[in-house]
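Please look over the chain below before reading on. The paragraphs after it go through a few local features in turn.

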Amino acid sequence: MRQDSSDSPVMDQQLEREADQQGAGDAAQRIILVPQHIPMIDLLGHRDEVLRVLERGIAPATIHVRDHQITLAGPPAAVTLAETLLGELIDVVGDGEHLTADAVERAVAIARAGIAKPTELLTTDVLSARGHTIRPKTLGQKAYVDAIDENAITFGIGPAGTGKTYLAMAKAVVALQSHAVSRIILTRPAVEAGESLGFLPGSLSEKINPYLRPLYDAMYEMLDPDTIPKLMAAGTIEVAPLAYMRGRTLNDSFIVLDEAQNTTPEQMKMFLTRLGFGSKMVVTGDITQVDLPGRTTSGLVLVRRILRDVPGIRFVELGSADVVRHRLVAEIIDAYARWDESNRERSTWRSRHVSAPDFEEYE
């Protein structure tokens, strides 16, 4: 239902709830009175975009809006879910937070799963920068951000679009601004599919910059662009390839290693042992996108087995449910995962049932 624009008496400002009114069968009805100081457009969204998300999310329950009164009707379980969710959204808007259709859609999914309160995501701010607020948008991202706060070394492992690098960068900026650290160090292995630094045109700096560009892009979204050259010139922010970390001890620093799936085991060990006093490390990567040559083992794959049970080190696994890009990105990731699993099963079957000379028959 859309909002009923007809006039009605002004409702009381206090949020109230009426008891279930049993109708035909198992139908239930509840009325929520939205406080008068909360503009309904803030709760229901521009052109009712948030209301439409709620309608889809709480079905088969229905919503009817008349001024500041919201009436819910339908099966008791669906009505109870809708009431709880709306109560939380009203609290969020009352605290001055802005609701978006995307955020509410994720809040609905969380409420349906019953594993956390939507407000835990909608009100968890990581960084406010350049006119927008950066916050975790999924439960996986919330666990990732919490792990960074609680551990000296955090590994964020997951596919593209899960916010691994972006949230790590935001936490690094927060640490610098709060004087928890005195510098930020951002690094990546200079390894990409089918290319070698020696064959790229330009100086060493010009060869390296394309590999580090994503880190620069994130940094420029979070800091005043005019201050970044000064911070880099002073060494407060350093962006460098992983090879430049060798032989150093990194004290009082927030260090982010991105694209860690392209480290060798030796490089990963070298990097982790750079950790100094007062420092924090975040390592991000996607183990399904390894670009190392030949059969080289990824340092990120190996380190999960070696350090998983070490106190102070946390591994956070992100998946397609944590993707915050276009919805098709999550579907693409799931499709590739199914394809990989199918190929593994096929390879296992062949190795057990087909002799080597007969392999060609199944290609």
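The model is predicted, so local features need pLDDT of at least 70 and side-chain atom pairs count only at pLDDT 80 or more, while totals for chains, interfaces and linings use all residues. Residues are numbered from 1 along each chain as its sequence is written, and side-chain values use heavy atoms, with hydrogens and water left out.

Helices (H or I, at least four residues) and strands (E, at least two) are DSSP runs numbered from the N terminus. H2 and H4 pack at an angle of about 20 degrees, and their axes are 9 Å apart; axes are lines fitted to C-alpha atoms, for helices over the stretch in contact, and angles run from 0 to 180 degrees between N-to-C directions. H2 is therefore roughly parallel to H4, a term for angles under 35 degrees, with over 145 roughly antiparallel, 65 to 115 roughly perpendicular and the rest oblique. In this pair, Glu49, Val50, Val53, Leu54, Gly57 and Ile58 of H2 meet Ala101, Val104, Glu105, Val108 and Arg112 of H4 (contact means heavy atoms within 4.5 Å). By class, this contact has 7 nonpolar, 1 polar and 3 charged residues; Ala, Val, Leu, Ile, Met, Phe, Trp, Tyr, Cys and Pro count as nonpolar, Asp, Glu, Lys and Arg as charged, and the others, Gly among them, as polar.

The loop between helix H2 (49–58) and strand S3 (62–66) holds Pro60. The peptide bond from Ala59 to Pro60 is cis, with omega near 15 degrees. In the loop between S3 and strand S4 (69–74) lies Asp67, which has a positive phi of about 55 degrees although it is not a glycine. Most residues other than glycine have a negative phi, and most peptide bonds are trans.

Helix H10 (residues 265–272) and helix H11 (residues 299–307) pack at about 60 degrees, with axes 8 Å apart. H10 and H11 are therefore oblique to each other. Pro265, Met268 and Leu272 of H10 make the contact with Gly299, Leu300, Leu302, Val303 and Leu307 of H11. These residues divide into 7 nonpolar, 1 polar and no charged.

The largest pocket holds about 1100 Å³ of space. A pocket is an open set of points on a 1 Å grid over the protein atoms alone, where a 1.4 Å probe fits, with protein on both sides within 12 Å along at least five of seven lines; lining residues have an atom within 4 Å of a point. Grid points are joined across faces, edges and corners, and a volume is the space filled by probe spheres set on the points. Of the 44 lining residues, Gly161, Thr162, Gly163, Tyr166 and Val324 are the closest to the centre of the largest pocket. Its lining has 15 nonpolar, 14 polar and 15 charged residues.
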